[in-house]
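Student: Hi! Could you walk me through this one while I have it open?
Tutor: Happy to, just ask away.

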Amino acid sequence: MALRLTVNGQQHSLDVEADTPLLWVIRDELGLKGTKFGCGAGLCGACTVHLNGQPVRSCSTPVEMAAGGRVETIEGLGGSDRLHALQEAWIAQGVPQCGYCQSGQIMSAAHLLASNPAPSRDDIFAAMAGNLCRCGTYSRIIAAVESVAAGPSNGQEA
């Protein structure tokens with residue numbers, strides 16, 4: 001089935017089965033490897049991307065749901081020559097250990113800050129609750145989100 005979608009600002013026409021998970025289209029058809037497969041059931045958050053500005057679990061979202069829409073992946077979050085403020089905060093706070101969940105974590109945090117530029121700690125906990133980190137870097141993740149929320153760029157590109 002021929003589908004059209006925009007990923008990170010670039011339009012694509014794809015010939016894929018309508019029920020193919022968006023994750024596999026992103027990774028296998030478009031070659032964007034930043035979005036990770038975690039659980040395959042939409043429970044861990046490693047595969048989180050934005051679809052029309054909303055966070056979705058790409059492993060359980062059929063590509064037909066994204067047809068005609070705008071998808072943003074971790075590769076589209078910053079610029080080609082600069083990191084997003086969250087990516088800089090992740091580095092500054094030493095968040096990544098294994099790094100596997102990080103793209104999904106950052107995408108969830110980016111949506112939070114786009115919709116609520118001054119979140120409370122409880123808001124951050126609630127927004128990030130659906131993203132699991134096997135390394136347990138939750139306190140550093142919260143600190144990174146708080147640092148961006150408190151900063152001058154307020155969650156936007158640095």
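Student: How many residues lie between β1 and β2 in the hairpin they form?
Tutor: The hairpin of β1 and β2 has 2 residues between its strands, and Asn-8 in the turn has a positive phi of about 50°. Before we go on: this is a predicted model, where local features need pLDDT of at least 70 and side-chain atom pairs count only at pLDDT 80 or more, while totals for chains, interfaces and linings use all residues. Residues are numbered from 1 along each chain as its sequence is written, and side-chain values use heavy atoms, with hydrogens and water left out.

Student: Thanks. And what are these strand and helix labels based on?
Tutor: They are DSSP runs, numbered from the N terminus: helices are H or I with at least four residues, strands are E with at least two.

Student: In which sense do β1 and β2 pair?
Tutor: They pair in the antiparallel sense, over 6 bridges. Two strands pair if DSSP finds at least two bridges between them. Val-7 stands opposite Gln-10 in β2.

Student: What about β1 and β5, parallel or antiparallel?
Tutor: Those two run parallel and are joined by 2 bridges. Val-7 turns up again here, opposite Val-71 in β5.

Student: Back to Asn-8. Is this residue buried or partly exposed?
Tutor: Asn-8 is partly exposed, because its relative accessible area is 25%. The cut-offs are under 20% for buried and over 50% for exposed, with partly exposed in between (1.4 Å probe, protein chains only).

Student: Which loop holds Asn-52, and what is its phi like?
Tutor: Asn-52 is in the loop between β3 and β4 (54-57). Its phi is near 50°, a positive value in a residue other than glycine. Asn-52 is partly exposed, with a relative accessible area of 38%.

Student: Switching to helices. Which residues of α1 are buried?
Tutor: Leu-22, Leu-23, Val-25, Ile-26 and Arg-27 are buried there. Their cover includes β1, β2, β3, α2 (63-66) and β5 (70-72). After α1 comes Gly-31, which has a positive phi near 75°.

Student: Where does Thr-35 lie?
Tutor: Thr-35 sits in the loop between α1 and β3. Thr-35 counts as buried because its relative accessible area is 1%.

Student: What does Thr-35 touch?
Tutor: Not counting residues up to four places away in sequence, Thr-35 touches a list that includes Leu-23, Ile-26 and Arg-27, along with Cys-47, Val-49 and Ser-103. Contact here means heavy atoms within 4.5 Å.

Student: And Gly-45, where is that one found?
Tutor: Gly-45 is found in the loop between α1 (22-29) and β3 (48-51). Gly-45 counts as buried at 1% relative accessibility. Leaving aside neighbours within four places in sequence, Gly-45 is in contact with Arg-57, Gly-104, Gly-130 and Asn-131.

Student: Last topic: at what angle do α5 and α6 cross?
Tutor: The axes of α5 (residues 102-115) and α6 (residues 121-128) cross at roughly 135° and come within 9 Å. That makes α5 oblique to α6. Axes are lines fitted to C-alpha atoms, for helices over the stretch in contact, and angles run from 0 to 180 degrees between N-to-C directions. Under 35 degrees counts as roughly parallel, over 145 as roughly antiparallel, 65 to 115 as roughly perpendicular, and the rest as oblique.

Student: Which residues meet there?
Tutor: From α5, Gln-105, Ser-108, Ala-109 and Leu-112 meet Asp-123, Ile-124, Ala-127 and Met-128 in α6.
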